[in-house]
Amino acid sequence: MSKPDFFAHLDDGFFRMIVEALNHEIFICDANGKILYLNPASEYLTGRKKENIVGKNIRELSLDGTISHSVTTQVMETHRICTLIQRVSSGKDLLIVGVPIFNEENEMTYILSSAQDIEEVNHLNNELMWKNEELQRKVTSLEVLKEEYLSSDDLLLSGEAMESVVHTVIKAAPLDVNLLIFGETGVGKEGIAKMTHRLSQRKDEPFVKINCGMIPEHLFESELFGYEEGAFTGALKGGKTGKVEMAHKGTLFLDEIGELPLSMQVKLLEFLQDHTITRVGGHKKIPVDARIVAATHRDLKAMCDNGEFRQDLYYRLNVLPVYIPPLREWREEIIHLAQFFLTRYNKKYHTAKYLSKDVMPILTNYEWPGNIRELEHIMERLFITAESSELSAAELRQILGVAVDGESGIFCQEIMPLKQAKQQLEAQLLERAYQQCGSSYKVAKVLGIDQSTVVKLRKKYNIPLPGGQDRNKH
């Protein structure tokens, strides 16, 4: 069954409407050069009205100077498609293509010419070239920024997964949207927050960090929003500017946002909605223009379901989520990072220490619960305590608590659910760290986690302090 002919039911008026709507010249002659039709675009380009041209021969226009030379006459002579640049009486140079039209007996019956102003073509070409150059500059800038931040001391992010994170941040940073950074402790969330600030339009303004897990609940409001003089007993004369107000025009980094008390979540939500704050003891609304970047190691969505985190605040913060994978998910980079830290310490202390070959599998097989921060601290400790220029596997195992040469390491004594095993190993590691370090501050530094997290874990597992220390002093 033959397909229907689209043109069969169309009349001459339809084709005239299409041709006259084109902004390219359409110029039609018969085989002898007699002008039969020109559209409005052709009138504009040639500077001649069709009533003064239709019916004349193309050669006449060449003689009276309307055109300098004709593509139509070339087609008449060659019976082939011809192209040339033609100057018309309006002073315009046109790029013209002449096409011969043949009947069923292969006789040339018509010549169709189409023209476009060369100046317009050049303008379009220049604009396209400029856009291509601009795009290339942006691509190059992205690559330069990526290289710069992938190797910066703050980030230390490499590998495909981390490049994807950095690429997302590079694109989002100038847009001034709120970011919510997810990831375990020590993966580099603060580095990503600082990177976002440096790449934003606010880079010359303050970057203010608030660790929501370190501020006592009764001090939260005054720390975030400040207070007026006389607001409470012990208030400073003249009052105090809060962290949120300090971030005006800059970036406010809310670290460990999952630790924010529910009472303060309401206050923070109010600020995000109207961008104003009121100091404790005050009545005046103070406008604050700050970009919000929040970070957490907790599952905020699950916290919303459990009523521990406000859903409306979650969606306000979670405009652009950024997930940083834990170090154990990109083990191929562990050796690279370890070498990076070692190079840094060698430069700092003017030494030439190096890793022995048997250190490599230990580094890559270890789980790194404290992620990059833990790796950095372990490498620093190994560097300091090493007996020689070669950093040995035995020394690393001793620091990590991995069994070697009959020593007892941290291990599970029986088969048990994975969650229970992780808790047992966590408790063993924390207890050993306390025995060796003595204080929560030092334990936090060795394990590469926050001091507040150390205190919470010690209470969770009821780990006694070494030497009968006062429990209130951690």
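The model is a predicted one, in which local features need pLDDT of at least 70, side-chain atom pairs count only at pLDDT 80 or more, and totals for chains, interfaces and linings use all residues. Residues are numbered from 1 along each chain as its sequence is written, and side-chain values use heavy atoms, with hydrogens and water left out.

Let me begin with the antiparallel sheet. Helices (H or I, at least four residues) and strands (E, at least two) are DSSP runs, numbered from the N terminus. Two strands pair if DSSP finds at least two bridges between them. In general, strands of a sheet pair through backbone hydrogen bonds, either parallel or antiparallel.

This open sheet has five strands in the order β2-β1-β5-β4-β3, and its pairing is antiparallel. Which strands stand at the edges? They are β2 (35-38) and β3 (82-87), each with a single partner strand, so one side of each is left without a neighbour in the sheet. On average, neighbouring strands of this sheet are turned by 25 degrees against each other, direction ignored. For such angles, axes are lines fitted to C-alpha atoms, for helices over the stretch in contact, and angles run from 0 to 180 degrees between N-to-C directions. Strand β3 is joined to β4 (residues 93-102) by six bridges, and the two run antiparallel. Within this pair, Q86 has L94 of β4 as its bridge partner.

Helix α4 lies across β1 (25-30), β3, β4 and β5 (108-117), and runs at about 155 degrees to β3. Which residues of helix α4 (residues 71-78) are buried? They are V71, T72, T73, V75 and M76; buried means under 20% relative accessible area, exposed over 50%, and partly exposed in between, with a 1.4 Å probe and protein chains only. After α4 comes H79, whose phi is positive, near 60 degrees.

I turn to V19, which lies in helix α1 (residues 12-21). V19 has a relative accessible area of 22% and is therefore partly exposed. Not counting residues up to four places away in sequence, V19 touches I26, Y37 and N39, where contact means heavy atoms within 4.5 Å. V19 and N39 are 20 residues apart along the chain, yet their C-alpha atoms are separated by 6.8 Å.

The next topic is the parallel sheet. Its five strands form an open sheet in the order β7-β10-β13-β6-β14, with parallel pairing. At the edges stand β7 (207-211) and β14 (320-323), each with a single partner strand, so one side of each has no neighbour in the sheet. The twist averages 20 degrees from one strand to the next. Four bridges join β10 (residues 251-255) to β13 (residues 291-296), which run parallel. T251 stands opposite R291 in β13.

Now consider T276, in strand β11 (residues 276-277). Is T276 buried or exposed? T276 counts as buried because its relative accessibility is 18%. Its side chain makes a polar contact with the side chain of D274 (3.0 Å). A polar contact is a pair of N or O atoms within 3.5 Å; within protein, one must be able to donate a hydrogen and the other to accept it, and residues adjacent in sequence count only if both atoms are side-chain atoms. Leaving aside neighbours within four places in sequence, T276 is in contact with F271, K285, I286, P287 and V288.
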